[in-house]
Amino acid sequence: MSSKPSHVGPSGLPILTLGALGVVYGDIGTSPLYALREVFAPGHVPLTSDNVFGVLSLVFWSISVIVSLKYVALILRADNNGEGGLIAMLALASQAVKGRPLLRRRLLALGIFGTAIFFGDGVITPAVSVLGAMEGLEVAAPALKQFVVPLSLGVLTGLFVMQRHGTGGIGKFFGPVTATWFVVIAALGLVHIIENPNVIGALSPHHALRFMWAQPRTAFIALGFIVLCVTGAEALYADMGHFGKKPIRLAWFALVMPALLLNYFGQGALLLATPDKAANPFYEMAPAWALGPLIALATAAAVIASQALISAAFSITKQAIQLGYMPRLRILHTSVKEAGQIYVPFVNWSLYVCIVGAVIGFESSGRLASAYGITVTIDMLITTIMTFFVVRYGWRLPWTLCFAATGFFFLVDLTYFGANIVKVFEGGWFPLLIGAVVFTLMMTWKQGRRQMADRLREDALQLKGFLDTVFVSPPTRVSGTAVFLISEQGLTPSALLHNLKHNKVLHETNLFVTVKHHEIPWIGFDRRAEIESLGHGCWQVVLHFGFKNEPDVPEALALLRAPGLELDDMETSYFLSRDIVIPTFGKGMADWREKLFAGMHRNAAGAADFLSLPTNRVVELGAKVEI
């Protein structure tokens, strides 16, 4: 699909809301499996009545401030033509400060780092969610503990194997299953709240304030695990383009937030009554007869949460490729109806290998939880910083209002980040390492492409001058249309030079096409193509795509209208330059980065598939480029 899909009207609001439950809230919805358990785990926060009230109060106000106020009330307003997510926010922020080149470069680097960190989160979320669900087996029968890791690996393996087939067949069940999950966890919590209604008093902020004042060190440790209650909040913004603001807000306030709070407060009531059940308060809330079905439902919810994140990883990869921060990868469409349903084999199996390593290495959701919060808080901080530049320079709101709005959230995010940074050596290094590797790859690719473009520009001939020279003594013309792809408008494609040198012919019609990807999500058909006549049956064409558009060149060329230009698909050939990168040491990037870039460029997927060119009408001509 090349233009932006339209949202369903008001009559479709219930359907969109149900769909949002399955995609947007899977991650935050599975947090009750392990969040409070980790707060009161041995060596963290002592299990006392005052501490339970203090922690529950912090949970309530964290969810209210970070999710309800920051994301629902503020961040959802900062949409990029209806789209959300860190890349959409990055594009907005960079456009807002485009008159400040140095600031723009720093914001771009910061945003790309946040995008890279997301892949670290993408490893931890499926591992911790599925392990957390499977650990219910230990409550049902302690002897089954030895099967938790193998069963978790089995579930995760099945999940990644099915990616190549898409989720169209089972995706329709995600919303109903997740809705059932929220209703069940709400009911579990409500039962215990009724038994100990005093726990509702934790809604008062004075319990949180007293806890932090009386035990600052303990409260600081608690914050490092309380942040687990808001993991997945960024999905509210990231998936805005799929469902719209209203369904996401309705699902949050009508079901998700009440269900989460009821469950957390129910766990708190259970711990006040029976402190010895702190090892796994979520599953201890359920009666013995319900443990089996609850484990099955929790596993289904964890799989749905994992699926949403895997799909997001595919989508972000595709967007990063189109913005020039990743090499072209093989992308398969798993649905003929939905263009957004894609499968990226390299990303799929890279995530799988890292997740298997996390499950085997950490062995429990408790140990993984220590590694979880740091990536989440980094992305929260980066989102807040980006939001400041959007509201200040994009919306042009007063300084005082911008600082007051984003400054408050920045301090909250910074506090949670500080509480998690101390856990780097307890497992936080793992997602940070993954993020650092991805960031290095992305920045190396971007800088390498820039150096490569500079070198090509130095050696290239201006197209208009070259054509004037050619037509002084014109070569033999052959029927049909030749489409020459060139990365920079106005330069002579090396494929044209090789064609004239070796074949000594020129087609009757020649299009010199430059594909440009812009920092906005969607560009409609009415702004897709620009065309300029160069004479002698030659035209210069620029095609514009947003980072969420499908870059379909033949489809875009079919939109061209110009006097004397007639295109026949069966008479059109596409000429591409297949550049071979040769690293030259001593200039540009560090030697190891130039070798890395050359390897990435050599292994990148072909431009023909990425641009949707018909493979039986593509001619690739090679050239060497030294960087």
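Helices (H or I, at least four residues) and strands (E, at least two) are DSSP runs, numbered from the N terminus. I record that this is a predicted model, in which local features need pLDDT of at least 70, side-chain atom pairs count only at pLDDT 80 or more, and totals for chains, interfaces and linings use all residues. Residues are numbered from 1 along each chain as its sequence is written, and side-chain values use heavy atoms, with hydrogens and water left out.

**Entry on Gln-163.** I located Gln-163 in the loop between helix 8 (148–161) and helix 9 (174–195). I noted its relative accessibility of 3%, so Gln-163 counts as buried (under 20% relative accessible area, with exposed over 50% and partly exposed in between; 1.4 Å probe, protein chains only). I then listed its contacts (heavy atoms within 4.5 Å). Leaving aside residues up to four places away in sequence, Gln-163 touches Gln-307, Ile-310, Phe-314, Thr-334, Tyr-343 and Asn-348.

**Entry on helix 5.** I found that nine of the 11 residues of helix 5 (residues 86–96) are buried. Among them are Leu-86, Ile-87 and Met-89. The buried residues pack against helix 6 (101–134), helix 12 (234–238), helix 16 (291–322) and helix 18 (365–394).

**Entry on positive phi.** Most residues other than glycine have a negative phi. I looked up Arg-396, whose phi is near 55°, a positive value. Arg-396 lies in the loop between helix 18 and helix 19 (399–421) and is exposed, at 67% relative accessible area. I also looked up His-536, with a positive phi near 60°. His-536 is in the loop between strand 5 (529–535) and strand 6 (538–546), and is partly exposed, at 48%.
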